[in-house]
Amino acid sequence: MKRIATDRDAGMALSPLREVVILGCGGSSGVPIIGGDGGRGRWGTCDPSTPENHRSRSSIILLGEQKNLLVDTGPDLRHQLLQCGIERFDAVFYTHAHADHIAGLDEVRAMNWMLQKPVEAWGSAVTLNEIEERFAYAFRPWTPEQFFRPGLVSHPVNADSIVQVADFELDVFRQNHGLSDSFGFRHANFAYCTDVVEISDHVLDRLTGLDVWVVDCFQKEPHSSHAWLERVLEWHARIQPRRTVLTHMGPAMDWNWMQEHLPEGIEPAFDGMRISF
């Protein structure tokens, strides 16, 4: 597998990546979870008075010099884009087809109006097929007169391949997500690994030399389909990124507790977090 050249290798900026915005960093139910006393939410051990504990469903966007790449279209997408001041995206990369990562697909229609064309959607063939089954109307041939529905065009991607998506060169790899798989990717010195419980040695080797690694860490205790704190600490020690940022966090991951207990080089994400390159 070819390794993507990094800034450290070349001594110069090879990446068009300007910034990564954490649109959301919560688990599949967000934080708080619906319910609780008076219907105000179930917070677990998270302190509701801490703004960083308010988490929408996990998603990021890569902001480039000319084009932007959205990763997943979760159910909170409209609110996330407005809150973070994101004007546009030019393509979507789907990590997998679970509802908390695709249920906001209808919001793509706003980009269709702006771009006046369908939005390219990238992901594994399995993922894109599942999405097309649930949102068949969004993948019909484009009618240029108007977008009364979202319009997307599928581009299947194989694991262990390097693809060019909206000006970004992505080194794509498969991850174990318990009963299913997901895709992670690396772009230059940045990598994103949400919804993962096991990472192969082969992939871990490809994640060395990172400046920033955003990785799933749902809770402190072991979980069947998501990484937990001890596992992330082991991965961090092996690949030694300069900065590890935890995402897809559930109600057991209180912001203040993490601020006090996480070792140097590891930090929690928060909705709206901006990482500059």
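This is a predicted model: local features need pLDDT of at least 70, side-chain atom pairs count only at pLDDT 80 or more; totals for chains, interfaces and linings use all residues.
Helix 2 (residues 77–84) contributes four residues to the lining of the largest pocket, the most given by any element. By residue class, the lining of the largest pocket consists of eight polar, four charged and three nonpolar residues.

Helix 4 (residues 108–115) was examined for the placement of its buried positions. V108, M111, N112 and L115 are the buried residues of this helix. They span an arc of only 105 degrees around the axis and therefore lie on the same side of helix 4. The packing partners of these buried residues of helix 4 are strand 5 (119–123) and strand 6 (152–156).

With regard to cysteine pairing, the structure contains zero disulfides. C46 takes part in no disulfide, and the cysteine sulfur nearest to it, that of C25, lies 9.8 Å away; a disulfide would require two cysteine sulfur atoms within 2.5 Å. C46 has a relative accessibility of 3% and therefore counts as buried, the limit for this class being under 20%. C217 is likewise in no disulfide, the nearest cysteine sulfur, again that of C25, being 12 Å away. C217 also counts as buried, because its relative accessibility is 0%.

Terms used: Residues are numbered from 1 along each chain as its sequence is written. Side-chain values use heavy atoms; hydrogens and water are left out. Buried means under 20% relative accessible area, exposed over 50%, partly exposed in between (1.4 Å probe, protein chains only). Helices (H or I, at least four residues) and strands (E, at least two) are DSSP runs, numbered from the N terminus. The arc is that of the directions from the helix axis to the C-beta atoms. Contact means heavy atoms within 4.5 Å. Ala, Val, Leu, Ile, Met, Phe, Trp, Tyr, Cys and Pro count as nonpolar, Asp, Glu, Lys and Arg as charged, and the others, Gly among them, as polar.
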